[in-house]
Amino acid sequence: MKNQPSTFPYRKRGLLLIATVFLLLAYFLGQKSTLSDPLNLRPEVGTRGIGLGGAFISGADDATSPLWNPAGLATLQRGNLVYDLSQGAVSLAYPIKPIGTFGVNFLDLNGSDRFLLNHTANPIGSFELGNNQALLSYARKFGPLQLGVSTGYSRAPYYGSLWAQNYDVGVMTELNSHFALGMRLRDISGVTIRHKDGQILQTFDQQFALGAVLTPHPIIRWHNRLDIMPTCFGTSLEIGNKTIAARVGSTFTFNDELPSQSWSVGFSLNQLGKQLHYTWLNQENHAYKHLISIGMSFGGKEPISQKPEISTQTPKSNTTVPSVTAQTPISQPVIQTQKPNLPPTHTPQTPAAKSETETQQKQTVPEYQSIQIAEKHNIEVALMLAIIYAESNFNPIAVSKNGAGGLMQMMPGTARELGLKVPQYQDKRKPNLNSNIDERFNPYKNLNAGLIYFKGLVEKYKGNLTLALGAYNVGPGKVKVAGPLSSRGEKYADRVLSRYQLYRDNIGQLETDLKRLEALLN
């Protein structure tokens, strides 16, 4: 029986957060607010955060995080650059391991009130000219907690305005896979912006907010935010994964001088490290309804979180598998059999030669044929699924325009070389889909043959997974051992690695597609 992990650390963490929240609430409720008009609040910036009804306190995870909760920077694995076309804001963040993640934000860089062109026909625009801000942020994980701080300078939208320094702090934690919490304190000491002649132009008061994200399903996220000063509540529902997501949000303000309610709809796209965020905002005091931002991730073609590894141990199998050299370049990915955390069905028998650790790991997963096949060829399950998704999207009778067939899209000649029975076709684009006649359409045989072929490419390209994937797509005759890849091969490799990363980040999606494959094999 699998040992259940203790829930004590989660309870202890939850009690600590609750105690901290009550202390902060007591402090803020005991303070006399200096709020007199909406200008006492720093304007909210960020297409994605605004589209979530401002409920980005406990879900912030990109370069714009410091604008909502600086602790969100700690989740970044790669550099991230976001430019908000609507609000003239540039956000840049980069993780430096093991030091932490640093970020900078420059707000309202527009030459006029709207993006590029200040004209009524231009639908893209935002708050008034001159609300300039410059922020420097830092965040890092400390055990289960993510802590972040920001400091910077703000300027009022008046000629002759001086700059005033401000400070923000934030904390986030994930209690479990379904529930995350966050807290944010902006302008800790309050900010007073003066004119060069000494006149007070604008003040920013302390703002304290709590956030929570509930994830009942891997593709469903319910974001919530509660501002204590001023009293405000934001909520939004987001559906989708890291590649594409749609959302609808609403904000309720309990202040007579601010709009009582606003709502928004929008979507986000993230493909091959490029991001697009769009929000349509319905708010009474907001003249411009369309908010758009673009972004990109950088910091290496294959970040560590995307790199499967190539094991130096050759799996024991009766099937002839190309051996993998132990001299794999450090910068190259490694293939290993990492098993998803699926519910056990029964305890499989393990060879005596297996270590105690391997035995314990094997006892936590069911006897899926697909997992056994991945183990036999020493390929990580997530990588195997990513290749199948890119090749056939789990269609066992898929046929490409070039005549490749089956789950792993094997060409007739290649399949014959690997021992599969494939007839000679006058038109290979019109094969016989009977798996007894053309074994490429037998999912089990196709998968095994495809993985053997792929492992041979990994050996040929000395462990360079990008080149091996590109050669799998365009053919090894078109890819030199030292590279580079053609545009088509590079796009294919990026697509596989992107899906591979999705599986590693989203265990629910991995389990779903693993069951799809298992159904085909059975």
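Reader: How many helices and strands are there in the protein chain?

Author: The protein chain has 10 helices and 16 strands. Keep in mind that this is a predicted model.

Reader: What is the mean pLDDT of the protein chain?

Author: The mean is 78. Of the residues, 74% reach 70 or more.

Reader: Which elements have the lowest and the highest mean pLDDT?

Author: Helix H3, residues 356-362, has the lowest, at 43. Helix H5, residues 381-391, has the highest, at 94.

Reader: Where does pLDDT stay under 50?

Author: Start with the general idea. Where pLDDT is low, the predicted coordinates should not be read in detail. Now the case here. Residues 1-11 are one such stretch, and the model gives them 4 contacts beyond four places in sequence. Residues 28-39 also stay under 50, with 22 contacts beyond four places in sequence.

Reader: Next, burial. What share of the residues count as buried?

Author: Of the 522 residues in the protein chain, 51% count as buried. The chain exposes about 25,300 Å², and carbon and sulfur atoms supply 58% of that area.

Reader: What share of the contacts with a separation of 6 or more comes from residues 24 or more positions apart?

Author: Such residues account for 54% of those contacts in the protein chain.

Reader: How many residues has the largest nonpolar core, and which have the most contacts inside it?

Author: The general idea comes first. In soluble globular proteins, nonpolar side chains tend to be buried together. Here the largest nonpolar core has 47 residues. Met384, Leu447, Phe454, Leu469 and Leu517 have the most contacts inside it.

Reader: Which elements give two or more residues to this core?

Author: They are helix H4 (369-376), H5, H7, H8, helix H9 (487-505) and helix H10 (507-521). H5 supplies the largest share, 9 residues.

Reader: Take leucine 469. Which residues is leucine 469 in contact with, leaving aside neighbours within four places in sequence?

Author: Leucine 469 touches Ile387, Phe454, Tyr492, Ala493, Val496 and Leu497. Another core, of 12 residues, lies apart from the largest one. Its members include Val45, Leu67, Leu135 and Leu291.

Reader: On to the rings. How many aromatic pairs does the count come to?

Author: The count comes to 7 aromatic pairs. One of them joins phenylalanine 267 and tyrosine 278.

Reader: Why does the pair of phenylalanine 267 and tyrosine 278 count as tilted?

Author: A pair of aromatic rings is described by the distance of the centres and the angle of the planes. In this pair the centres are 5.7 Å apart and the planes meet at 35 degrees, so the pair is tilted. Planes under 30 degrees apart would be stacked, and over 60 edge-to-face. Phenylalanine 267 lies in strand E14 (residues 261-271) and tyrosine 278 in strand E15 (residues 274-282), so the pair ties together parts 11 residues apart in sequence. Phenylalanine 267 is partly exposed, at 32% relative accessibility.

Reader: What are the distance and the angle for phenylalanine 454 and tyrosine 472?

Author: Their ring centres are 6.2 Å apart and their planes are at 75 degrees, so this pair is edge-to-face. It links distant parts of the chain: phenylalanine 454 is in helix H7 (residues 443-460) and tyrosine 472 in helix H8 (residues 465-474), 18 residues apart.

Reader: Are phenylalanine 454 and tyrosine 472 buried or exposed?

Author: Phenylalanine 454 is buried, at 0% relative accessibility. Tyrosine 472 is buried too, with a relative accessible area of 9%. Ring pairs link Tyr453, Phe454 and Tyr472 into a cluster.

Reader: Now the backbone. Where is there a cis peptide bond?

Author: Most residues other than glycine have a negative phi, and most peptide bonds are trans. Here a cis peptide bond joins lysine 97 and proline 98, with omega about 0 degrees. Proline 98 sits in the loop between strand E2 (89-96) and strand E3 (100-107).

Reader: What is phi of asparagine 378, and what is phi of lysine 462?

Author: Asparagine 378 has a positive phi of about 60 degrees. Phi of lysine 462 is near 55 degrees, also positive. Asparagine 378 lies in the loop between H4 and H5, and lysine 462 in the loop between H7 and H8.

Reader: Are asparagine 378 and lysine 462 buried or exposed?

Author: Asparagine 378 is buried, with a relative accessible area of 12%. Lysine 462 is exposed, at 53% relative accessibility.

Notes. Residues are numbered from 1 along each chain as its sequence is written. This is a predicted model: local features need pLDDT of at least 70, side-chain atom pairs count only at pLDDT 80 or more; totals for chains, interfaces and linings use all residues. Side-chain values use heavy atoms; hydrogens and water are left out. pLDDT is the predictor's confidence in each residue, from 0 to 100. Helices (H or I, at least four residues) and strands (E, at least two) are DSSP runs, numbered from the N terminus. Contact means heavy atoms within 4.5 Å. Rings of Phe, Tyr and Trp (its six-membered ring) pair if their centres lie within 6.5 Å; planes under 30 degrees apart count as stacked, over 60 as edge-to-face and the rest as tilted. Buried means under 20% relative accessible area, exposed over 50%, partly exposed in between (1.4 Å probe, protein chains only). Accessible areas come from the Shrake-Rupley method with a 1.4 Å probe; for residues, only the protein chains shown count as cover. A nonpolar core is a set of buried Ala, Val, Leu, Ile, Met, Phe, Trp, Tyr and Cys residues joined through side-chain atoms within 4.5 Å.
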